[in-house]
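Please read the following points beside the sequence and the 3D view.

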Amino acid sequence: MMVLKAPAKTDRAPAAQDRAALRAVFATIDADSCPQTYNFHMHTNHSDGQLHPDLLAQQAIDIGLKGFAITDHHQVSGFYAAQDYLIGWQRRAENVARPVPQLWTGMEITSLLHEVEVHILGYAFNPHHSALADYLTGDSPKGAIAEADRVISAIHQAGGIAVLAHPGRYRKSKEELIPAAVAIGIDGVETYYAYNNPKPWTPSPAQTAEVQQLSQTYHLLNTCGTDTHGLNLTYRV
């Protein structure tokens, strides 16, 4: 299991764990938010992506993102590397009138929902919380801890937000899986997602409309992300 750096002692949660601020951002997300303003689904070479976290963070700056999250599979080492880079960049560029994007903690967890493998995205959680220990090993969880209700509960115990990733990509329909996820406490859905990997990136119209309707019905948060695995944050691959 990876060793996390000890958190600094403070009376308030770090900005990367500011759940209220992130919920407020999610409330503003629409079809035009990603990939130029926000991006909440990206992978580094600390899991199955190609970008080094430093390069990912620099791209986020160059694009002009206001906020983002790295969602490597079952680990947060890429988040820490990107966070260190952003801190260093801000110090080097302190006289440059250019904002630093807000980075939140993030992770993607392989889970089982109605006997179907799904992916649950966790955001703004405390990675040092004991509830997440089984999900930060770098490997997909097995057995009972892989059940979606356990995953969602762990994210919540750690102070985070749980989101069902790309609900149109699974072996069961979003019309079945989203209500099932709602019943066990999901907070949101990845509403804006490009299912056919178009260039330029744009949310898939039909799936977006369907997920939007379900999100509205169940009063869920909406997120967006390119699900980047390649070398460019504006594409999936």
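1. Naming of elements. Helices (H or I, at least four residues) and strands (E, at least two) are DSSP runs, numbered from the N terminus. Under this naming, helix H3 (77-92) and strand E3 (102-104) each supply at least two residues of the lining of the largest pocket.

2. Basis of the note. This is a predicted model, in which local features need pLDDT of at least 70 and side-chain atom pairs count only at pLDDT 80 or more, while totals for chains, interfaces and linings use all residues. Residues are numbered from 1 along each chain as its sequence is written, and side-chain values use heavy atoms, with hydrogens and water left out.

3. The largest pocket. On a 1 Å grid over the protein atoms alone, a pocket is an open set of points where a 1.4 Å probe fits, with protein on both sides within 12 Å along at least five of seven lines; lining residues have an atom within 4 Å of a point. Grid points are joined across faces, edges and corners, and a volume is the space filled by probe spheres set on the points. The largest pocket has a volume of about 280 Å³. Helix H3 gives the most to its lining, with four residues. The lining residues include Pro 14, Gln 83, Leu 86 and Leu 103.

4. Ala, Val, Leu, Ile, Met, Phe, Trp, Tyr, Cys and Pro count as nonpolar, Asp, Glu, Lys and Arg as charged, and the others, Gly among them, as polar. By these classes, eight nonpolar and three polar residues line the largest pocket, and no charged ones.

5. The sheet. Two strands pair if DSSP finds at least two bridges between them. Three strands form an open sheet in the order E1-E2-E3, with parallel pairing. Strand E1 (38-39) and E3 are the edge strands, each pairing on one side only. E1 and strand E2 (residues 67-69) run parallel and are joined by two bridges. Within E2, Gly 67 stands opposite Tyr 38.

6. Salt bridges around Asp 227. A salt bridge is a side-chain nitrogen of Lys or Arg within 4 Å of a carboxyl oxygen of Asp or Glu. The count by this rule is four salt bridges. In one of them, Asp 227 is bonded to Arg 169, with the closest N and O atoms 3.5 Å apart. This pair links distant parts of the chain, 58 residues apart: Asp 227 lies in the segment after strand E8 (221-224), and Arg 169 in the loop between strand E6 (161-164) and helix H5 (174-183). Asp 227 also forms a salt bridge with Arg 236, at 3.0 Å between the closest N and O atoms.

7. Buried means under 20% relative accessible area, exposed over 50%, and partly exposed in between (1.4 Å probe, protein chains only). Asp 227 is buried at 2%, and Arg 236 is buried at 18%, whereas Arg 169 is partly exposed at 41%.

8. A salt bridge between helices. Glu 210 and Lys 174 form a salt bridge, the closest N and O atoms being 2.7 Å apart. Glu 210 belongs to helix H6 (residues 205-218) and Lys 174 to helix H5, 36 residues apart.

9. Cysteines. Cys 34 is buried at 6% relative accessibility, and Cys 224 is buried at 1%.
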